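Here is a quick tour of the rings, the cores and a pocket. Have the viewer open and follow along.

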Amino acid sequence: MSRRALVLAVLTGAALLMTAPVSGAAQAAGISSADASAAHDAAAGFQDVLVRFFAQAPGAQGPVSVRIAPDAYAVYELSPDFVAGKPDAAPGDFAYFAIPARASDGRTATLWSVRAADGTWQVGNIASGDVEGEYARKLPAGAQLLHEPQVDAWYAVRDGRVTSLTENTAVTVAGYQQTVGNRYADKLPGSVYARDGEAGGFDATSQVMPRGDGGPAPSGHDTGWVPLLILVGVLAVSGAGYVLHLRRHAA
């Protein structure tokens with residue numbers, strides 16, 4: 001089953017939380033350990049929400065307790081500027097910190113902690129499984145975790161090379177840019193593809209970033225249930241970044 005986004009109405013009277021990549025200014029400043037700590041602190045307040053998340057999931061077997069891991073993994077999504085071949089564009093734009101959580105019955109989930117317009121960190125999504133954590137733990141020291149949502153591919157970016165974390169193959173950053181340019185250059189914001197609202201393109205108007213399922217989810221990571229967006233309030237969406245409109249495939 002693909003990880004499809006559904007609404008979990010556990011908090012009444014709230015609006016759908018909207019997430020976006022960190023702004024260009026924040027990118028220039030970098031993502032710090034203090035950011036990771038603040039992002040994790042935001043997730044730590046979601047213990048009760050996680051209990052309900054697991055309890056209301058299909059196949060739940062009664063009450064559970066939940067442990068939020070101490071980790072906060074920085075996740076980057078494929079950059080439209082990089083796809084367009086803009087000089088000095090990095091392969092990925094920062095998207096969120098992934099904080100894993102585990103229920104007492106063994107099920108796992110991931111909290112997405114995102115930066116709001118006022119600079120604070122807030123939880124924007126809970127997704128099933130520990131996908132980000134599993135890939136992040138495979139990263140070489142100093143590497144960046146990059147996700148290409150359209151094909152649900154995960155990479156390590158370091159020292160001018162992009163290494164697949166699933167196929168153990170590597171190409172230069174320039175070679176990867178050529179590959180994604182060929183795939184998506186005609187699907188960038190402003191393209192006919194994007195204006196027609198075709199799935200899989202970069203959509204600058206989208207205000208919700210669902211779990212990146214560009215293709216079937218790796219069977220080893222799927223828990224058999226779906227991720228749920230939380231109703232917890234509204235974050236202002238940064239105008240500096242584009243949110244990916246992701247291709248969805250049926251299971």
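Nine aromatic pairs turn up when the whole structure is searched (rings of Phe, Tyr and Trp, the last by its six-membered ring, with centres within 6.5 Å; planes under 30 degrees apart are stacked, over 60 edge-to-face, the rest tilted). One of them joins Tyr 76 and Phe 94: it is edge-to-face, at 5.6 Å centre to centre with 80° between the planes. Tyr 76 sits in strand β3 (residues 73-78) and Phe 94 in strand β4 (residues 92-103), so this pair ties together parts 18 residues apart in sequence. Helices here are DSSP runs of H or I with at least four residues, strands are E runs of at least two, and both are numbered from the N terminus. Ring pairs also link Tyr 76, Phe 94, Phe 97 and Trp 121 into a cluster.

A word on provenance: this is a predicted model, where local features need pLDDT of at least 70 and side-chain atom pairs pLDDT 80 or more, while totals for chains, interfaces and linings use all residues. Residues are numbered from 1 along each chain as its sequence is written, and side-chain values use heavy atoms, leaving out hydrogens and water.

| Residue | Relative accessible area |
|---|---|
| Tyr 76 | 13% |
| Phe 94 | 0% |
| Ser 164 | 7% |

Now the nonpolar cores (buried Ala, Val, Leu, Ile, Met, Phe, Trp, Tyr and Cys joined through side-chain atoms within 4.5 Å). The largest has 35 residues, among which Leu 50, Phe 54, Leu 111 and Tyr 176 touch the most other members. Strand β4 gives this core its largest share, five residues. A second, separate core of 16 residues includes Tyr 73, Tyr 96, Val 131 and Leu 165.

On to the largest pocket, at about 270 Å³ (an open set of 1 Å grid points where a 1.4 Å probe fits, with protein on both sides within 12 Å along at least five of seven lines; lining residues have an atom within 4 Å of a point). Of its 13 lining residues, Ala 153, Tyr 155, Ser 164, Glu 167 and Thr 169 are the closest to the centre. The largest share of the lining, three residues, comes from α6.

Ser 164 belongs to strand β9. Its side chain makes a polar contact with the side chain of Thr 166 at 3.2 Å (N or O atoms within 3.5 Å, one able to donate a hydrogen and the other to accept it; sequence neighbours count only if both atoms are side-chain atoms). The Ser 164 side chain also reaches the backbone nitrogen of Glu 167 at 2.9 Å.

Definitions and conventions: Grid points are joined across faces, edges and corners, and a volume is the space filled by probe spheres set on the points. Buried means under 20% relative accessible area, exposed over 50%, partly exposed in between (1.4 Å probe, protein chains only).
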